[in-house]
Amino acid sequence: MMVICINNGVSVDGISTSTAELLTIGKVYMVIDEYETVSPSKRGYYSILDDAGQKYDYFKKRFVLLEDVREDKLNSILG
């Protein structure tokens with residue numbers, strides 16, 4: 001699955017991380033793992049390789065699915 005970074009700030013919904021600056025807004029990232037059914041502390045996170053090439057778990061709300069962006073663009077073109 002591919003996602004696009006939409007937020008690389010240090011806080012999303014009150015969750016802070018010092019690694020957020022290792023994301024680039026508008027950049028496409030490959031999701032390595034998606035945590036939904038594992039431990040509650042991991043739910044709602046994507047595991048990706050960040051700009052430093054390190055595997056890290058990032059809050060899902062920092063991203064949108066590439067597929068959704070493509071669909072929205074097609075719909076706007078087709079009217």
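Let me start with helix α1, residues 66-78, which has 13 residues and reaches 18 Å from its first C-alpha to its last, close to the 18 Å expected at 1.5 Å a residue. Please keep in mind throughout that what we are looking at is a predicted model. Is this helix buried or in the open? Of the 13 residues of α1, the number buried is 1, so the helix lies largely in the open.

Now let me step back to the whole chain. The protein has 1 helix and 7 strands, and if you read from the N terminus on, the elements run β-β-β-β-β-β-β-α. Of the 79 residues in the protein, 30% are buried, and the accessible surface comes to about 5,100 Å², with 56% of that area belonging to carbon and sulfur atoms. If we take the contacts between residues at least 6 apart in sequence, 48% of them join residues at least 24 apart.

Next, the aromatic side chains, where the count comes to 5 aromatic pairs. In one of them, Y45 and F59, the ring centres are 5.7 Å apart and the planes stand at 55 degrees; pairs with planes over 60 degrees apart count as edge-to-face and those under 30 as stacked, so this pair is tilted. Which parts of the chain does this pair tie together? Y45 lies in strand β5, residues 45-49, while F59 lies in strand β6, residues 55-59, so the pair joins parts that are 14 residues apart in sequence. Both Y45 and F59 are buried.

A further pair is formed by Y58 and F63, and this one is edge-to-face, with 6.4 Å from centre to centre and 75 degrees between the planes. Y58 is buried, with a relative accessible area of 1%, and F63 is buried as well, with a relative accessible area of 7%. These two rings also belong to a cluster, in which ring pairs link Y29, Y46, Y56, Y58 and F63.

Finally, let me turn to the surface, where M2, V28 and M30 form a nonpolar patch that has, taken together, about 240 Å² of accessible area.

How values were computed: Residues are numbered from 1 along each chain as its sequence is written. This is a predicted model: local features need pLDDT of at least 70, side-chain atom pairs count only at pLDDT 80 or more; totals for chains, interfaces and linings use all residues. Side-chain values use heavy atoms; hydrogens and water are left out. Patches are made of residues with over 30% relative accessible area and no salt bridge: like charges are joined within 9 Å, nonpolar side chains (Val, Leu, Ile, Met, Phe, Trp, Tyr) within 5 Å. Accessible areas come from the Shrake-Rupley method with a 1.4 Å probe; for residues, only the protein chains shown count as cover. A salt bridge is a side-chain nitrogen of Lys or Arg within 4 Å of a carboxyl oxygen of Asp or Glu. Helices (H or I, at least four residues) and strands (E, at least two) are DSSP runs, numbered from the N terminus. Buried means under 20% relative accessible area, exposed over 50%, partly exposed in between (1.4 Å probe, protein chains only). Contact means heavy atoms within 4.5 Å. Rings of Phe, Tyr and Trp (its six-membered ring) pair if their centres lie within 6.5 Å; planes under 30 degrees apart count as stacked, over 60 as edge-to-face and the rest as tilted. The expected span of a helix is 1.5 Å times one less than its number of residues.
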